[in-house]
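Hi everyone, thanks for coming.

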Amino acid sequence: MEETTEIPIEGQILVLTAAKASVPPKALPYLLRRVQADLGPRLDDYYQAFELVDEDSERATFLVSRDHWRTIGDRLGFDRRETDAVERAHTEQLRRVASRLDRRDEFETALEIRSAVVVGVK
């Protein structure tokens, strides 16, 4: 994984999440790059298997099962705190999308039973 891998999470959300995460703030971008490097090649699988709730020129946002982040974290060798931190960043990105689309209530309800995954499309 290269240091240049783009993170599909907006800068403001990254800063907010890093402040709240239970991992060192400098670790979060590294973790998110690892996730993107893992998910990017799986993008077609996500289109087929999960609900796409938004897509733009930079990212595709999906709703996935609640345990999906545990699967990703296990695959990447993340501990619970690292997995929680990247999941939080992806969830906050979904909330940003929800606000822009004026669908916040709908997405908040979805987040009660599902999780968000954001995959860079560049």
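**A first look at the chain**

Of the 122 residues in this chain, 45% count as buried, where buried means under 20% relative accessible area, exposed means over 50%, and partly exposed is in between, using a 1.4 Å probe and protein chains only. Before I go on, a word on the source: this is a predicted model, in which local features need pLDDT of at least 70 and side-chain atom pairs count only at pLDDT 80 or more, while totals for chains, interfaces and linings use all residues. Residues are numbered from 1 along each chain as its sequence is written, and side-chain values use heavy atoms, with hydrogens and water left out.

Now the overall layout. There are six helices and three strands, and from the N terminus they run α-α-α-β-β-α-α-α-β. These elements are DSSP runs numbered from the N terminus: helices are H or I with at least four residues, strands are E with at least two.

How does the radius of gyration agree with that of a compact globule? For 122 residues such a globule would come out near 14 Å, and the chain has 13 Å, which agrees. That radius is taken over C-alpha atoms, and the globule rule is 2.2 Å times the number of residues to the power 0.38. The C-alpha atoms fill a box of roughly 30 × 30 × 25 Å along the principal axes.

Contacts tell us something too; by contact I mean heavy atoms within 4.5 Å. Among contacts with a separation of 6 or more, 72% are between residues 24 or more positions apart.

Let's zoom in on helix α6, residues 104–111. Its buried residues are Phe-107, Ala-110 and Leu-111. They span an arc of only 100° around the axis, which puts them on the same side of α6; the arc is that of the directions from the helix axis to the C-beta atoms. Their cover includes β1 (51–55), β2 (59–65), α5 (80–100) and β3 (114–120).

Arg-104 also sits in α6, and it is partly exposed because its relative accessible area is 37%. Leaving aside neighbours within four places in sequence, Arg-104 is in contact with Arg-95, Ala-98 and Ser-99.

Not counting residues up to four places away in sequence, Thr-61 touches several residues, including Leu-52, Leu-94, Val-97 and Val-117.
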